[in-house]
Amino acid sequence: RFAVAGVSRDATQAANAIFRKLRASGYEVVPVNPTAKEAEGAACYPDVRSIPGAVDGVVIVTHPDVAPDVARHARERGVGHVWFHRAFGQGSVSDQAVSQCRAAGMNCIVGGCPLMYCDPVDVAHRCMRWWLGRSGRLP
């Protein structure tokens, strides 16, 4: 069961694409956005702490300034896995958030996108995976 932080009312956002693909791949996925009650047809929660039931992993697709709070909430919930999304540039990666997750013994994936691995992988994400692998930056 995954939470995707950063899902928006704007369906064109990267977090929404990740949410939809994980759900289509058979995962139970929960959207997180502090200002939305609903996103992608699902009840949306203001933060990871508010999600009822277990959460196995969190995909952070927010501004990097928000990532430390999302990571802290995940740690407080006992979530063991966090993926910091980054296509290009800084993405959602925050050095502070990554450090706090690692210090807590959480498994962190830093950079890239889950869509590089959810079959069927589209051409753009196959290319991204190839490029990151070639450049030694594949998470």
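1. Helix α2 (residues 67-77) buries Ala67, Pro68, Val70, Ala71, His73 and Ala74, where buried means under 20% relative accessible area, exposed over 50% and partly exposed in between, with a 1.4 Å probe and protein chains only. These buried residues of α2 pack against β1 (2-5), β5, β6 and α3 (95-103), with contact taken as heavy atoms within 4.5 Å. Just after α2, Gly78 adopts a positive phi of about 80°. Helices (H or I, at least four residues) and strands (E, at least two) are DSSP runs, numbered from the N terminus.

2. This is a predicted model, in which local features need pLDDT of at least 70 and side-chain atom pairs count only at pLDDT 80 or more, while totals for chains, interfaces and linings use all residues. Residues are numbered from 1 along each chain as its sequence is written, and side-chain values use heavy atoms, with hydrogens and water left out.

3. The protein contains 4 helices and 7 strands, and along the sequence these follow the pattern β-α-β-β-β-β-α-β-α-β-α. Its radius of gyration is 14 Å, close to the 14 Å that the globule rule gives for 139 residues, so the protein is as compact as a globular protein of that length; the radius is taken over C-alpha atoms, and the rule is 2.2 Å times the number of residues to the power 0.38. The C-alpha trace spans about 40 × 35 × 25 Å along its principal axes.

4. Of the 139 residues, 44% are buried, and of the contacts with a separation of 6 or more, 58% are between residues 24 or more positions apart. The accessible surface comes to about 7100 Å², of which carbon and sulfur atoms hold 52%; such areas come from the Shrake-Rupley method with a 1.4 Å probe, and for residues only the protein chains shown count as cover.

5. Thr62 lies in the loop between β5 and α2 and, at 15% relative accessibility, counts as buried. Leaving aside residues up to four places away in sequence, Thr62 touches Ala5, Gly6, Ala67, Val70, Gly91 and Ser92.

6. Val93 sits in the loop between β6 and α3, and its relative accessibility of 6% makes Val93 buried as well. Its contacts, not counting residues up to four places away in sequence, are Pro64, Phe84, His85, Arg86, Val98, Val110 and Gly111. From Val93 to His81 the C-alpha to C-alpha separation is 15 Å, over 12 residues in sequence.

7. The largest pocket holds about 240 Å³ of space. Of its 15 lining residues, the closest to the centre are Phe2, Val59, Trp83, Ile109 and Pro114, and the elements that give two or more residues to this lining are β5 (57-60), β6 (81-84) and β7 (107-110). A pocket is an open set of points on a 1 Å grid over the protein atoms alone where a 1.4 Å probe fits, with protein on both sides within 12 Å along at least five of seven lines, and lining residues have an atom within 4 Å of a point. Grid points are joined across faces, edges and corners, and a volume is the space filled by probe spheres set on the points.

8. The second largest pocket holds about 170 Å³, and its lining includes Ala5, Gly6, Thr62, Val70 and His73. Helix α2 gives the largest share of that lining, 3 residues.
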